[in-house]
Amino acid sequence: MKTRITEMLEIKYPIIQGGMAWVAEHHLAAAVSEAGGLGLIGGANAPGEAVRDEIRKARVLTEKPIGVNVMLLSPHAEDVAKVVVEEGIKVVTTGAGNPEKYMDMWKSAGIRVIPVVASVALARRMEKYGADAVVAEGMESGGHIGEQTTMTLVPQIADVVSIPVIAAGGIGDGRGIAAAFMLGAEAVQMGTRFVVADESIVHENYKERIIKAKDIDSAVTGRTHGHPVRCLRNQMTREYTRLEQEGKSFEELEYLTLGTLRKAVQEGDVTGGTVMAGQIAGMVSRRQSCKEMIEEMMGEASRLMHWDLCTAGQHI
Ligand SMILES: Cc1cc2nc3c(=O)[nH]c(=O)nc-3n(C[C@H](O)[C@H](O)[C@H](O)COP(=O)(O)O)c2cc1C
C-alpha cells in the first residue's frame, strides 16, 4: 500500500504510532518501525539529553526510520529541537503549538515536519509555513484534544490543503484505517491501541484498565480552562471535575495532576493517576505484539479497500 506518506517517510505501512508522553519510548517506537510502521519517541517534557538517549537506544533495536514528537510547550523544546537535528532524525511531529520557529533549522537538515492540528485554520497555516504533512487529530483521541471529531475534521482539512493528511483519534482496527482513507487521509496515527502492545513498557494495571474499558469510560477534564485532556474515568478524573465545577484556577488544577501520568504509566496507579486513553479503548481488547497488530489491521483494511485491486483517488 503506497501513499504520499509511505513514500515520504519510507515506511511499508501507512501507520504511525503517536508520540505519547511517558509511553512512547524506545522499545515501543522501535517495535512499530520494525513492524513496518513509523515509531515515534515522545519528547513530552523530557530534557534534550534524555531524548537523545532514547533515540540512540531505539537505533540499537532497529535500523528502520524512527521519528520524534516535539512538545512545543515543553521547557526543553529548544534543546529537543536541536537534538533531533544532531541525531539525524528524519521526521518530527509537533504538538501543542506552532513549530514555525524551528522550521528553517529542521528543513535545512532535511527533516520532514508534521504538526498535529485540531482545526482547519491551523492546518492551512502549517501548510503555509512549510509543513510536509499534518496529523488531523479528532477529539476521540487520548491525551490533549481539540473539539472537532475525526469524522468531521479529516475531510475538511483534506479538502483545503495539498499536503498529505494523517488521521488520528478513534482509530483502532482495519475498519478505522479504511474509514480514514475514505475521508481523504493517506495514513493514520494511533495511540491508545499501541499502549497495550507487548513491547509497550506501560504498567500492566494501565494496560488492563484499557482492555477492560467500555465505550463510555473516558472523560474529558480541563475544558473550563481551554486545555481538555481525555483519560479514563477514575478517582482522579472525579476529583478534577469536582474542583473544576467549584471554579478552581488552572494552576490549582495543574498542581493536582502534576506527575500523575507518570504515576499511572510507571507505577500502575490507575486510581489516583492519569490514565490517558481515547474513546477507542472500549474496542481495544487484546494484547499483541506491534507486528501482529499492524499486520492484522493492514490485512483488514486492505480487504475492505480492495487495495490489491484498485488505486484510490490521490494515492500513488
Ligand atoms: C497516553 C497518551 C499520551 C499522549 N501523549 C501525547 C504527547 O505527548 N504528544 C502528542 O502529540 N500526542 C500525545 N498523545 C496523542 C497520540 O499521539 C495520538 O495522536 C492519539 O492517541 C491518537 O488517538 P487514539 O488514542 O484514539 O489512537 C497521547 C495519547 C495517549 C493515549
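**Close-up views of a predicted model**

Ala219 stands opposite Cys231 in strand 11. The model shown in these views is predicted: local features need pLDDT of at least 70, side-chain atom pairs count only at pLDDT 80 or more, and totals for chains, interfaces and linings use all residues. Residue numbers start from 1 along each chain as its sequence is written.

View A. Helices (H or I, at least four residues) and strands (E, at least two) are DSSP runs, numbered from the N terminus. Two strands pair if DSSP finds at least two bridges between them. Between strand 10 and strand 11 (residues 229-232) there are four bridges, in the antiparallel sense.

View B. Strand 1 and strand 9 run parallel and are joined by three bridges. Within this pair, Ile15 has Val188 of strand 9 as its bridge partner.

**View C. Helix 3 packs with helix 4 and crosses helix 2.** Two packed helices are described by the angle between their axes and the distance between the axes. Axes are lines fitted to C-alpha atoms, for helices over the stretch in contact, and angles run from 0 to 180 degrees between N-to-C directions. Angles under 35 degrees count as roughly parallel, over 145 as roughly antiparallel, 65 to 115 as roughly perpendicular and the rest as oblique. For helix 3 (residues 48-61) and helix 4 (residues 77-86), the angle is about 30 degrees and the axes are 8 Å apart; the two helices are therefore roughly parallel to each other. The axes of helix 2 (residues 26-34) and helix 3 come within 9 Å and cross at roughly 40 degrees, and these helices are therefore oblique to each other.

**View D. Helix 8 packs with helix 14.** The axes of helix 8 (residues 174-182) and helix 14 (residues 290-305) lie 7 Å apart, at an angle of about 50 degrees. Helix 8 and helix 14 are therefore oblique to each other.

**View E. A shell of 29 residues stands around the ligand.** A residue is near a molecule or strand if its C-beta atom, placed from the backbone, lies within 6 Å of it. Gly18, Gly95, Gly142, Gly191 and Gly278 come nearest to the ligand. Strand 3 (66-71), strand 9 (187-190) and helix 9 (192-195) are the elements that give two or more residues to the shell. Domain 1 (4-200 + 287-305) and domain 2 (204-280) each supply at least three of the shell residues; the domain bounds come from an automatic or database domain assignment.
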